[in-house]
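Here are my notes on this assembly, for someone opening it for the first time. Please keep the model in view while reading.

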Amino acid sequence: MIDFSYTVWILIIPLLMFVVVGLFGNRFKPIVSGLAGTCGLFVMWILSLVTAYKYFFVLEKAADGSFQKFLAFNMRWLNLTDTLHIDMGVLLDPISIMMLIVITTVSFMVHVYSIGYMDGEKGFMRFFATLSLFSFSMLGLVVATNIFQMYIFWELVGVSSYLLIGFYYTKDSAVSASKKAFIVTRFADLGFLIGILMLSFSTKTFDFLTLTGANSPAFSSGTGIAFLGLSTMTWSMIFIFMGGAGKSAMFPLHIWLPDAMEGPTPVSALIHAATMVVAGVYLVARLFPIYVFAAPVALDVVMYVGAFSSIFAAVIACTQFDIKRVLAYSTMSQIGMMMFALGVSGYGSHEGLGYMASMFHLFTHAFFKSLLFLGAGAIIHAVHSNVMNEMGGLRKYLPITHITFLIACLAIAGVPPLAGFFSKDEILAAGHERSLMLYWVEMIVSGLTAFYMFRLYFSVFWGHDRHYHHTPHEGSKTMTIPLLLLSIGALFAGLIPFSMFVSSDRMPFHSELELGIAIPAVLVGLLGIVIAMVFYRKETDLPDKIYNALGGFSKAAFHKFYIDEVYLFITKKIIFNYVSRPIAWFDRHIVDGSMNGMAYVTNEVSDRMKRFQSGQLQQYALVFVSGVVLLTLLFTYLLTN
Amino acid sequence: MSILTLFIIIPTLTMIGILFSKSHMQVKWVSVVGMSLQLLSAIALILLYLAERRAGNMAEVLFVQDNVWYETLNIHFYIGVDGVSVAMIGLTALVVFAGIFASWNIEDLSREFFISLILLATGVFGFFICLDLFTMFLFYELAVIPMYLLIGIWGSGPRHYSAMKLTLMLMGGSAFILLGIIGIYMYSAPGGGPLTFDLIRISKQTIPIDVQRFLFPFLFVGFGVLGAMFPFHTWSPDGHASAPTAVSMLHAGVLMKLGGYGCYRVAVFLLPEAAHQLGWIFLILATIGVIYGALGAIWQKDLKYINAYSSVSHCALVLFAILMFNQTAMNGAILQMISHGIMTALFFALIGMIYGRTHTRYINEMGGLMKVMPFLAVAYVIAGLASLGLPGFSGFVAEMTIFVGAFQNADTFHRVATIIAASSIVVTAVYVLRVVGVLLLGKIKNEHFEDLPDARWYDKVSVIALIFGITLIGMAPLWLSDMINGGLGPIMHKLLVAVPVLN
Amino acid sequence: MTPNQLMFAIFSAVIIIFSILTVTSRRILRAATYLLFVLVATGGMYFLLRFNFLAAIQLTLYAGGIVVLIIFSILLTSHIGDKLEQPDLKKIIPAFLAAAAGMVITVFTILKHNFPQEVAAGTDRTDIRVIAKSLISTEKFGYALPFEVISILLLAAMVGAIILAKKRND
Amino acid sequence: MFEGVPLTWFLITGTIMFFVGIYGFLVRKNLITILMSTELILNSVNINFVAFNKILYPDHLEGMFFSLFIIAVAAAEASVAIAIIINIYRRLVNIDVEKMDEMKY
């Protein structure tokens with residue numbers, strides 16, 4: 001057994017970075033904090049790679065040939081009840097190691113990129129401090145040994161996302177976007193918390209090893225029908241999925257993600273494309289055995305929500321003009337596909353194809369999506385605009401960005417042999433085994449994906465040359481190098497035999513490319529590309545015609561199907577005006593009014609009583625005399641027998 | 001002589017010192033020295049306590065001292081602490097320490113101000129160390145009365161109204177408490193022998209159930225008024241809005257905890273059967289309070305009102321947890337008291353500092369303060385995040401302990417109540433972020449605010465001490481939680497003996 | 001009707017009639033005069049009861065001293081021609097009722113009670129010497145202490161009256 | 001019975017005088033008339049005292065002495081009262097008892 005306890009340093013380094021840069025960063029030049037953060041990330045990246053190597057290739061496998069799942073480090077953090085306690089530690093298994101690699105790689109690239117991108121911004125140091133905090137929390141989330149540790153880091157991820165979206169805090173839109181992101185995910189987290197409470201109530205443990213092990217208490221307890229015909233365990237899994245759906249921007253909790261693009265672009269690349277938003281997928285994957293064996297209904301929920309989100313987001317993405325929003329909806333759509341893949345999956349090697357596909361897609365998606373975002377960042381950096389109508393013909397000015405962006409687009413469109421092709425193919429294959437209808441839905445999604453990505457690509461890099469304020473040019477080396485490095489990932493990540501490493505039962509297996517599924521998928525993708533080329537390569541009025549032909553539908557899609565408005569109505573109108581305001585009124589006037597009323601009555605009574613003391617001598621005397629007379633009468637005649 | 005008497009002696013000496021101080025500066029420094037010593041002895045007490053426990057001293061209360069001071073009624077000066085009271089003493093010392101620095105700018109009648117403040121603190125310390133019901137009540141009153149002067153003289157806004165309201169409502173509560181205490185005293189020796197106010201001795205007795213049922217509402221409501229129990233919380237928004245900074249800090253941070261502590265230590269501990277039978281009524285009130293306070297805070301525009309309503313919500317959670325009658329939830333209740341105490345003190349300190357600079361507390365009139373006073377703004381964000389229960393700060397630990405504990409109850413009523421109460425964390429996020437967004441972020445609305453100064457050194461001492469407190473508990477809660485757990489043994493034992501259903 | 005009875009009837013009638021006039025007259029000086037008649041008639045009662053010394057005191061102190069004092073103060077505070085305003089009925093009726101009720105009860109009680117009819121006639125001790133001795137005697141039936149007390153009271157009243165009535169020069 | 005006059009007669013006279021005094025005290029507005037009513041009350045009491053003394057306890061002199069002292073006290077009271085009345089008059093220019101309600105509430 002190899003000692004993996006050093007992995008805890010992958011968590012400690014960013015935490016230290018956060019504290020040091022956050023507290024003392026402003027004592028030095030801004031660049032120092034950037035460099036410090038990047039160096040820290042580099043060390044963590046190396047550590048992760050080493051860990052992955054040691055885990056997959058050096059560490060001996062368990063008796064049945066599967067990869068081991070064990071605690072590399074564990075420490076008691078808080079005792080709750082006799083059986084429930086929160087630990088902090090590092091859990092290593094294939095998916096956590098895969099996530100370590102994804103996070104550290106993308107984070108490292110983003111750090112390098114940010115040194116160039118954020119150069120000269122006010123709050124450079126704050127940016128890097130928060131990035132460190134994010135890395136810390138995200139890593140803590142993926143290596144969590146128990147569901148409560150996951151919840152803790154889950155919240156921390158949320159807050160670092162909040163801080164980073166609201167980085168430009170003087171901009172009102174950024175402030176409200178950050179608030180929205182936090183509150184929506186917080187609402188989802190409430191579901192997560194309730195799920196945890198229900199789960200821990202039935203199973204009396206938080207521990208992942210126990211919960212997902214062969215004799216998990218989750219399989220035996222809480223299985224009775226509890227509410228609306230579903231068992232406690234199903235409900236708890238649905239609630240937990242609600243948390244995941246919030247973080248992963250699944251319908252209907254997705255509304256924060258497009259707005260979150262108000263943050264600096266590297267942040268969007270890191271948090272809102274590659275890492276944090278896939279936390280929900282990771283969460284479901286982490287608890288996968290419980291979903292499969294104890295709560296299949298909850299897994300169906302995951303499947304339907306994922307499928308619906310993917311098509312929903314893909315449609316919206318086709319109508320948006322802000323390049324980052326297109327990418328955001330694309331992210332949502334891709335994550336929907338991952339969720340879908342998990343939903344259709346079974347447990348085991350080949351039955352668990354969906355699980356593997358989902359993880360695989362998560363892995364490849366991280367590369368090409370962060371590449372897309374960083375590319376978008378380079379474009380925005382060059383033309384100072386987000387709107388694709390104001391761009392065109394940029395391929396002359398930004399050659400490197402152009403090439404890398406094209407690679408990423410091809411990858412996401414599923415053109416072989418780029419990364420996206422392989423993972424998407426697996427997802428479709430898994431979906432095909434389960435449900436034909438949803439398989440076709442996903443097929444349409446992949447076509448739409450190709451379409452909107454190339455719509456973006458052609459509008460930005462081809463077409464008319466616009467009048468720019470100053471000639472666009474590539475950013476500094478620190479910005480282009482990460483683009484190039486990530487495009488290597490986007491090119492070749494798909495060639496990794498992923499099923500040899502990650503599977504639902506941690507047992508390696510071979511997965512074959514199914515031509516029957518791959519060929520139609522590629523054709524659909526190419527079709528999308530061709531349509532996009534026809535529409536957008538040269539400026540035509542075709543898109544407008546089609547847009548108008550679709551009438552209400554396209555308008556609704558352009559307005560994101562009015563989900564935002566619905567939420568705004570619920571929060572602003574209902575909660576704010578019809579709940580909170582009456583409560584405030586009720587409190588002031590009824591509750592406090594009754595307290596004040598008591599005081600008022602006392603006052604009033606005493607006011608009446610004080611009038612007896614009128615200062616009128618004769619009145620006193622009259623009362624006195626009458627009193628004496630009465631008492632005399634009483635005691636001499638009436639009360640004597 | 002027990003180390004605990006230090007907590008009475010040091011403030012007394014400090015007050016005498018202030019009385020003989022000549023200048024404004026000297027008054028402040030005497031207070032600082034006194035309260036720093038107090039803080040040090042609190043830390044020493046915590047360490048000593050932990051050492052004693054580690055050494056295997058498993059007595060119910062430690063550092064006991066017992067003197068009779070009124071023989072006719074068998075009233076003792078009986079002091080001693082368990083894990084819970086040690087934690088509360090630590091909280092009080094920290095908040096008072098920060099409070100002294102937060103009131104550095106008091107110019108008018110500074111001597112009288114600091115004497116009242118420390119007198120208040122003495123009352124609180126006395127309350128926490130005493131084990132004799134009557135002496136406890138005495139200290140309780142000692143803590144409540146100076147509040148009237150502090151708000152009435154040094155307050156702002158409709159201060160006379162607020163001071164009067166606050167004092168009257170709390171006095172109403174203490175009348176209830178007095179009645180309850182005397183009732184308990186009358187039944188303190190059912191097996192014959194002299195009547196006693198001794199809490200530990202009474203806890204070994206069983207008071208007849210119909211008497212308990214009569215007394216429990218009095219005690220719980222009486223302490224509940226101070227603990228801002230719905231619907232007896234309305235003194236809190238007005239009182240806090242008018243009170244000077246340090247007074248708000250002490251009041252919300254410490255004094256309101258007397259209510260929760262009293263409910264726990266007197267009402268539930270001595271009257272467990274009645275608590276179990278009647279608890280559901282108060283549980284409903286507490287659950288309403290949790291949600292109601294949070295929703296009420298959303299609409300408010302005055303910073304102090306927002307915080308006062310948030311306190312209502314958080315303090316209701318304390319009562320909520322106490323009424324769950326299990327060890328984890330009770331532990332959470334104590335943690336929540338400590339966490340909320342530090343957190344709300346931090347909030348009020350910051351609000352006071354911001355108000356001292358901008359001279360307004362209306363959030364709509366401010367904006368973009370992050371640019372002007374980054375230190376205070378960042379501290380405010382930290383306080384806000386702590387308040388909405390972010391991991392890494394004490395609020396999370398407390399809330400999660402409460403929710404997990406409360407959810408372990410076997411019946412649906414308690415678990416549904418838990419889910420309802422848990423939903424407050426979302427609402428809390430809404431109002432905290434709303435304030436942060438409007439107040440600190442965005443553009444500066446008033447150009448006069450452009451060159452306001454950031455925190456001075458004394459502000460920083462106060463703020464950093466409190467932030468240190470919440471992060472320490474938030475990052476490493478195990479020692480505190482275990483310490484409190486140790487103190488919860490007797491009450492849980494009594495509850496389980498009295499109400500075997502809970503097992 | 002014995003002469004005594006006749007005398008009593010006369011005094012009694014004077015007392016009652018002038019008392020009522022005293023409290024009802026709207027001219028204050030006349031009221032004072034009626035009061036004088038009442039006091040003199042009271043002195044007559046004392047004579048009737050053979051308390052000569054007391055009667056003398058009554059005449060000199062009350063009729064001679066207090067009434068004069070009252071008349072002086074009347075002259076100081078009001079004009080001769082002034083008529084007092086009629087008190088309103090709201091005051092008269094309750095006052096009358098209270099007084100009448102009290103009177104009825106008291107008279108009823110007096111009439112109901114059986115006082116001892118015949119008491120052995122004692123020695124006539126209203127001799128001025130006996131009174132003087134009693135006033136300074138400290139033995140049984142001696143009134144030295146009340147006498148001293150009343151002296152001090154008088155002194156105090158005198159001083160108080162002077163201080164009160166003195167014109168302030170502030 | 002004193003030489004043909006029954007005790008009750010004295011008492012009734014005293015009673016009537018007393019309550020007339022009371023009535024005066026209650027209705028008159030002028031302070032001096034109130035003082036005069038007081039004198040009536042005191043005198044009625046004196047009559048009772050001496051009558052009781054003479055008729056029921058002819059051997060004793062308590063009744064007489066009480067009357068004596070009451071007369072002395074009345075004299076003192078009258079002098080002080082008049083001093084006060086004059087003082088009040090100086091300040092308020094009238095001595096109407098209804099206007100003197102500064103001591104209320």
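**Notes on the model**

1. Start with one residue. D:Ile88 lies in helix H3 (residues 62–92) of chain D. Helices (H or I, at least four residues) and strands (E, at least two) are DSSP runs, numbered from the N terminus. This is a predicted model: local features need pLDDT of at least 70, side-chain atom pairs count only at pLDDT 80 or more, and totals for chains, interfaces and linings use all residues. Residues are numbered from 1 along each chain as its sequence is written, while chains are lettered from A and ligands numbered from 1 in the order in which they are written.

2. Buried takes 20 or more other C-beta atoms within 10 Å, exposed 12 or fewer, and partly exposed is in between; C-beta atoms are placed from the backbone. Leaving out residues up to four places away in sequence, D:Ile88 touches D:Ile95 and D:Met100. Contact means C-beta atoms, placed from the backbone, within 7 Å. D:Met100 is 12 residues from D:Ile88 in sequence and 9.1 Å away, C-alpha to C-alpha.

3. Next, the cores. The largest nonpolar core has 442 residues. Such a core is a set of buried Ala, Val, Leu, Ile, Met, Phe, Trp, Tyr and Cys residues joined through C-beta atoms within 7 Å. A:Val284, A:Ala490 and B:Leu346 are among the residues touching the most other members. Helix H16 (residues 353–383) of chain A gives the most to this core, with 20 residues. Apart from it lies another core, of 77 residues, including C:Ile66 and D:Ala81.

4. Now chains A and B. Their contact takes 39 residues from chain A and 40 residues from chain B. On the chain A side, H6(A) gives the most, with 14 residues. That side divides into 24 nonpolar, 7 polar and 8 charged residues. Ala, Val, Leu, Ile, Met, Phe, Trp, Tyr, Cys and Pro count as nonpolar, Asp, Glu, Lys and Arg as charged, and the others, Gly among them, as polar.

5. Then chains C and D. 69 residues of chain C are in contact with 64 residues of chain D. H3(C) supplies the largest share of the chain C side, 13 residues. The chain C side holds 49 nonpolar, 17 polar and 3 charged residues.

6. Last, chain C itself. Its domain assignment gives domain 1 (1–86) and domain 2 (123–170). Such bounds come from an automatic or database domain assignment. The centres of domain 1 and domain 2 of chain C, taken over C-alpha atoms, are 23 Å apart.

Key:
Two residues are in contact if their C-beta atoms, placed from the backbone, lie within 7 Å.
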